[in-house]
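Walk through this model one region at a time.

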Amino acid sequence: MGSPSPPGAPSRRLSPTAANVAVARRFVRSALSGVPPDMVDTAELLVGELVTNAVMHARTEIETRAWVTEGRVHVRVSDLRPDRGLVPHDRHPYACTGRGLALVEELATSHGAHSGEDRKTVWFELWPGAPAPPTSAWETVAPSDDTVSVALSDVPYALYWAAQQQWEGLLRELFLALPAAVGAVANGAGRVAARVGAEGAGAGGLGAGPEPDWAGWGGVEPGWAGPEPDWAGVEPDWAGVEPDWAGVSLEDLVVAQDMSNVICASMTAAVEQETPDSSTLSLLVAFPKGAAPAVRTLRRVLDEADAAAQQGSLLVLPSLPQIRAFQNWLLDQIADQLEGGRPTAWTLVRGAPGDTPTDLAPWDASEVEASTVPTIAADDRNRIIGVNASAASLLGWDAHDLVGKRLTVLMPEHLRGRHTAAFTSLLLTGVPRILGRSIPVPALHRDGRVVPVRLRIETQESIDGRTVFVAQLTARTAPSAPSRDPSDRRHTTRPAPGPVHLPTTRKKTRKANFDRSAPEWLPLFAETGRAMAGAHDVEDVLRRVCHALTQGLADWCAADLFDEAGQLKRVCVVHRDPRVQVSGDHLGMLSPVSEATQGSLPRVLRGAGPLLLTLTPPRGQAQSPLEARQLELVEELGGRSAVVAPLRAHREILGALTLVRVRDEQPFTRDDIPKIGDLVRSIALGVDSARLHRHIRSTAEELQRALLPELPRIGQLEMAARYVPSSTTAEVGGDWYDAFTLPGGDTAIVIGDVSGHDLRAAVAMSALRNMLRGLAVDGEEPPGDVLRRLDLATHTLDPHATATCVYALIKGQEGGPWDLYHSSAGHLPPLLVTRDGETRYLDTGRGMLIGMDPGLPRHSACDALPPHSTLLLFTDGLIERRGESLDDAMARLSRHVAAHARAPLDVFCDELIIKFGADNTDDIALLALRPTP
């Protein structure tokens, strides 16, 4: 433990009070007379950190020793809790807690810790000149065997570090603010630590240890009392101590502080056993058995402390929503599982907008630069720390000019005060108002113009514990480009690099280096982009992407996708070698994924990853049916290394991609993970776009179908209808059909088409259809008269609308014969085909479009309907094709109809759709009627 303390070395014994930190600093300064000032300053700083740790965590008498030998400074800080080791913290430059030992590591020439029989001593030495490498390491005490393993699935470690630092800051400020804490700690806090239930680790010495003898404290140095053997069941005497402050009793605060240290030490030990290949970790963490009550106490104390921080009662900001949500999940998981509960992955937790970060990956400035969407990132001081070229160009700036400025520079004057108030409110209360929402706002262009944008702000965590606010801008109108002076040579620059990047270990950071591997990766990004272009079907997108990936990255690739019902389906398996046949048994529905499903693929489908797999267990060791299917595929196609990556877009897991290499000489490595992660993120956005396109088309089709009627069942008149939306648009249109029975017993049939392919056309169609129904039922007039009244009503109510329409009445006795009375307003004529295949278009009774001239007369025509003949009414989308004349199209339709004249009416309609509905650029509506005596 460094050089032994010489006889007579200056020492000072202190009670565990905050005021004595300054006393210890002054003592060290006085003891180091004759030492260079810079070494004295360093020693004073480091002893202050170590004594602060002892005050906060050991809560026993503290002894400080300092002396100089041969120009070297020696400092020792001892407490009475030898059975608890130190809690190591990562070296995060922006961390607000846990920096004491990191400072010692950084500034001391040599340092270490030693636990004896009755005390623990943390020491450091300073030598003149440049510091030499440390000659010793921190000593930690392993936890006892009486522990319970807790499964924490898919933990985003950047968010964990942020949550840990936040709650440590809350506990520190609450400890310092609690009245009468000094006396209470001195009188019994050591006994309260026994409530934790088992051994753990403390930042300055934690746990149930020897109770010091505080008798005669006023100037008389007490002796080192021996350890009391067992604190279980011993209640401290809190007489005369103020019971609580901000809803927290001192007893609960002591338990919470100790449990916090246990959790930090246990989590750190678990993370050290992992090699993070992704932004999330699934950990098996050992916690003391019986610690669940202490964990729940910690959660309750943190809730109270956070409430006090929101009220401004503590010198620390309250937790932001995503940190609070994660903290509650973590503590609930530990307590619940210690009491026998089942684990729930963090990725399965659903919160309100703003409660979880945009992505599970830590904040990385390079992602802002790579984004094709105008993006700006700001820190918690409201200053811009990253901006891409798209955002800078949109607002008339160069990227490097914006970095470091306050966000308000991009806002009109009248919004700056409101923004500052809202941002300050978020930090002071932790209550989000616009996080995760798309808000239309005006932005300020550099030349003073206002640019209407839609703003969406999300949060991400950096691994040093800071929160980064990431804003995406969508221009609602394109700003006009201002004229520039020819001498203005401003150019687009890269955004300022972020302070941290995705780590490969706890102590190292990593960033994808695309420049070095540009010949391999950039063409692959371009190829996958081309593969997705023009494909609107989700499964088709994935098949194309897998083909591209097998040409430049993997030997084979599998794509799994969640359907709308949440069922997992393997949509494709593609091998680089076309001679390799993949059995169809590997495709189709897969086993469901639950929170308890084990294996790499289930983990990824819950949000982890990308995951690097270098060892493939045999199928017999599969942990779930889903993993068994995965291993069966690997056994058939081969595999030496693989990457399983989630298809994640907009905080939703759409599915997963599995990339496999079968050769030992070219395995996937950890360096491939960031690049594959970026690649799969772009693929996921393409999949999400295709899925959104399909959803919009489905919604439009459902809306269109909702506007279409059910066909009536009318004796010996058989009817069938079909509606097919355009294959190139996802919008509702104005095509419609209708059929209904009039009060006099006649049957009315209608086909029509309102101009346009949007919601306005659908609304106009619905209004036109309902007006036609009302006019037809009201007068029961000849079709030409009804269309004339419809034209007049349309011209009066919507003078700019135009439409085509055929309105017809079927008249006749129940057993026939039947006659068709019809009139056309600019619509294609009905087609009649007999049972023997003779066809003719019923082109009499023609007139102008609806909406052209309501004063023109309209005529009605009458044609006989032979038994078993088929009458077809259709819209132009059925036959019109680019490059083909209308006469040729109508002749082609006649031939096809004649070939299916005897087919059942549903088959007749389906054959028409199969023949003419492929790649239709317009909506198709058709109505077929067949009199059957």
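Cys-572 counts as buried, because its relative accessibility is 3% and buried means under 20% relative accessible area, exposed over 50%, and partly exposed in between (1.4 Å probe, protein chains only). Cys-264 is buried too, with a relative accessible area of 0%. Cys-572 is in no disulfide, a disulfide being a pair of cysteine sulfur atoms within 2.5 Å. The nearest cysteine sulfur to that of Cys-572 belongs to Cys-546, and it is 3.6 Å away. By this rule the count of disulfides is zero.

The model is predicted: local features need pLDDT of at least 70, side-chain atom pairs count only at pLDDT 80 or more, and totals for chains, interfaces and linings use all residues. Residues are numbered from 1 along each chain as its sequence is written, and side-chain values use heavy atoms, with hydrogens and water left out.

Now the whole chain. The protein chain has 21 helices and 31 strands. Helices (H or I, at least four residues) and strands (E, at least two) are DSSP runs, numbered from the N terminus. Of the 933 residues of the protein chain, 53% count as buried. Contact means heavy atoms within 4.5 Å. Among contacts in the protein chain with a separation of 6 or more, 70% come from residues 24 or more positions apart.

Next, the helix packing. Two packed helices are described by the angle between their axes and the distance between the axes. The axes are lines fitted to C-alpha atoms, for helices over the stretch in contact, and angles run from 0 to 180 degrees between N-to-C directions. Angles under 35 degrees count as roughly parallel, over 145 as roughly antiparallel, 65 to 115 as roughly perpendicular and the rest as oblique.

How do helix 7 and helix 8 pack, and at what angle? Helix 7 (residues 292-310) and helix 8 (residues 321-338) pack at about 160°, with their axes 8 Å apart. The two are therefore roughly antiparallel to each other. Helix 7 passes helix 8 in a left-handed crossing; a crossing is left-handed if the near helix is turned anticlockwise from the far one by less than a right angle, and right-handed if clockwise. From helix 7, the residues that meet helix 8 include Val-295, Leu-298, Arg-299 and Asp-303. From helix 8, their partners include Arg-324, Leu-331, Asp-332 and Ile-334. By class, the contact of helix 7 with helix 8 has eight nonpolar, three polar and seven charged residues. Ala, Val, Leu, Ile, Met, Phe, Trp, Tyr, Cys and Pro count as nonpolar, Asp, Glu, Lys and Arg as charged, and the others, Gly among them, as polar.

Helix 4 (residues 157-177) meets helix 8 at another angle: their axes come within 9 Å and cross at roughly 90°. Helix 4 and helix 8 are therefore roughly perpendicular to each other. Helix 4 brings residues including Leu-159, Tyr-160 and Trp-167 to this contact, and helix 8 brings residues including Ile-323, Phe-326 and Leu-330. The contact of helix 4 with helix 8 divides into eight nonpolar, three polar and no charged residues.

Helix 4 also packs on helix 7. Their axes come within 10 Å and cross at roughly 75°. That makes helix 4 roughly perpendicular to helix 7. The contact of helix 4 with helix 7 has nine nonpolar residues, one polar and one charged.

Stay on helix 7 for Gln-310, which lies in it. At 33% relative accessibility, Gln-310 counts as partly exposed. Leaving aside residues up to four places away in sequence, Gln-310 touches Pro-318, Arg-324, Leu-428 and Thr-429. Gln-310 and Leu-427 are 117 residues apart in sequence, and their C-alpha atoms are 8.9 Å apart in space.

Turn to the backbone. Most residues other than glycine have a negative phi. Asp-154, in strand 6 (residues 147-156), has a positive phi of about 60°. Asp-154 is buried, with a relative accessible area of 0%. Asn-382 also has a positive phi, near 70°. Asn-382 is found in the loop between strand 10 (375-378) and strand 11 (384-387), and is buried at 6% relative accessible area.

Is Glu-70 buried or exposed? Glu-70 is exposed, with a relative accessible area of 79%. Glu-70 lies in the loop between strand 2 (62-69) and strand 3 (72-79).
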